[in-house]
Structures are given as C-alpha cells and as structure tokens.
Amino acid sequence: MEKEFKVKLHTTTVLCLTFFIAYTAYFVFAQSVASSFVQGLIDGSLLILISVGWLLYAVGLTPYKYVVDKKSLYKCYRLRKNVELDLMDCETICDPVPRASEMFARAHAIEIYTTKKKRHCFFPKQRVEFVDAVSKANKRIHVTVQDYTDVHRKLEKRLRKEKLKEERRAKRERESE
C-alpha cells in the first residue's frame, strides 16, 4: 500500500526567492529606463542568472513529495532521480535535534536515523500521518515524535477505557443471568 505525502514549503526560502526575483526585475527595468532594454539585461545578467539558478534549485532539486511504500521511503524530485531509503535500516524517527550548525532549522522537520547513524530530514505537511505510515512500514522503529506520541497515547488510553467498560458490562451480564 503506497501513501504519498506532500512537502511543506519552507516559507523563508519562498519569501527570499520572491523578493530577490522582484528586486532583479526592478533592477533590470530601472537600468533599461536609464539606458536601453538590452543594456539593462546586460547589466542585470548576473542577477538574472542567480535568480534562475535559485529558482531551478528550489523547484527542481528539492523534494516535492514523499512516498511510503511497503518497506521503503522515497523522496521524489522533479529534475533529478528519486532517492530511496530502506526503512528496515532505520532505527529512530524523532523531532529535530537542536544543533549549533542549524540554528535556524525548520521547526516542522522529522528526522530519521539509520543503523549507521546517518540522519535524513523530512518535512511533510501531515506529520502524524507520515510518522504513522513509517511506523506501520517498520514495526521496530523507535518513535519519539511529540505530535504522534501525544495522539496515540490519547487513543490508546481511550481504547483501554472502552475495553474495560465492555469487560465490566459483559461480566455484569453474566452475573445477572
């Protein structure tokens, strides 16, 4: 059973890219008004090149969806080959660990560690469903994602209460007969 999860956009990257492209367009327009359109393009060629490169990276070289299929997880890209992660080699799925090198890390990240201590970061829109799909694909994985554990503890507690009520009700019915 294959489940797809969309990637949550990095708001900071989208805003910076939008403002950079707007600045590039303004610079080229201002240069073309000052002299000629061709001269404006020549003067802004480095900015245009950087904008196009950044746009290609943001759209084509970052994942746009994750697919959990049986015992593997795929990062799907638009312009490059998809990356496969074997879930049977994974031992932990957790919230991001704070690091000095990632001072401004994305708060909605989910990290998966393999048995070789390699870290893989994922940014799904539906965090709880993603973790649930991964944990169902690999029953041995240790889950410490706060959102997932909170939801499942409440569900387990509710199911235990309902089970106890059913057992008590069945016991009363047997005693009354």
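These exercises work through a predicted model, with a solution after each task.

**Exercise 1.** Classify the ring pair F5 and F130, and state which elements the two residues lie in.

*Solution.*
- A pair of aromatic rings is described by the distance of the centres and the angle of the planes.
- The ring centres of F5 and F130 are 5.4 Å apart, and the planes meet at 90°.
- Planes over 60 degrees apart count as edge-to-face, so F5 and F130 form an edge-to-face pair.
- F5 belongs to strand β1 (residues 2–6), F130 to helix α4 (residues 127–137).
- The pair therefore ties together parts 125 residues apart in sequence.
- Both residues are buried.

**Exercise 2.** Find what else surrounds F122: its pair with F130, its cluster, and the charge over its face.

*Solution.*
- F122 and F130 are 5.7 Å apart, centre to centre, with 40° between the planes. This pair is tilted.
- F122 is buried, as is F130.
- One aromatic cluster takes in F5, Y66, F122 and F130.
- K75 lies over the face of F122, 5.0 Å from the ring centre.
- The structure holds six aromatic pairs.

**Exercise 3.** Locate K70 and K117, and decide whether each is buried or exposed.

*Solution.*
- K70 sits in the loop between β2 (65–69) and β3 (72–76). Its phi is near 45°, a positive value in a residue other than glycine.
- Exposed means over 50% relative accessible area. K70 has 60% relative accessibility, so K70 counts as exposed.
- K117 sits in the loop between β6 (110–114) and β7 (119–122). Phi of K117 is near 65°, again positive.
- K117 has a relative accessible area of 59%, so K117 is exposed.

Key: Residues numbered from 1 in each chain as written. Predicted model: local features only at pLDDT ≥ 70, side-chain atom pairs only at ≥ 80, totals over all residues. Heavy atoms only, no water. Helix = DSSP H or I, 4+ residues; strand = E, 2+ residues; numbered from the N terminus. Buried < 20%, exposed > 50% of the residue type's maximum accessible area, 1.4 Å probe, protein only. Phe/Tyr/Trp six-rings, centres within 6.5 Å; stacked < 30°, edge-to-face > 60°. Lys NZ or Arg CZ within 6 Å of the ring centre and 35° of its normal.
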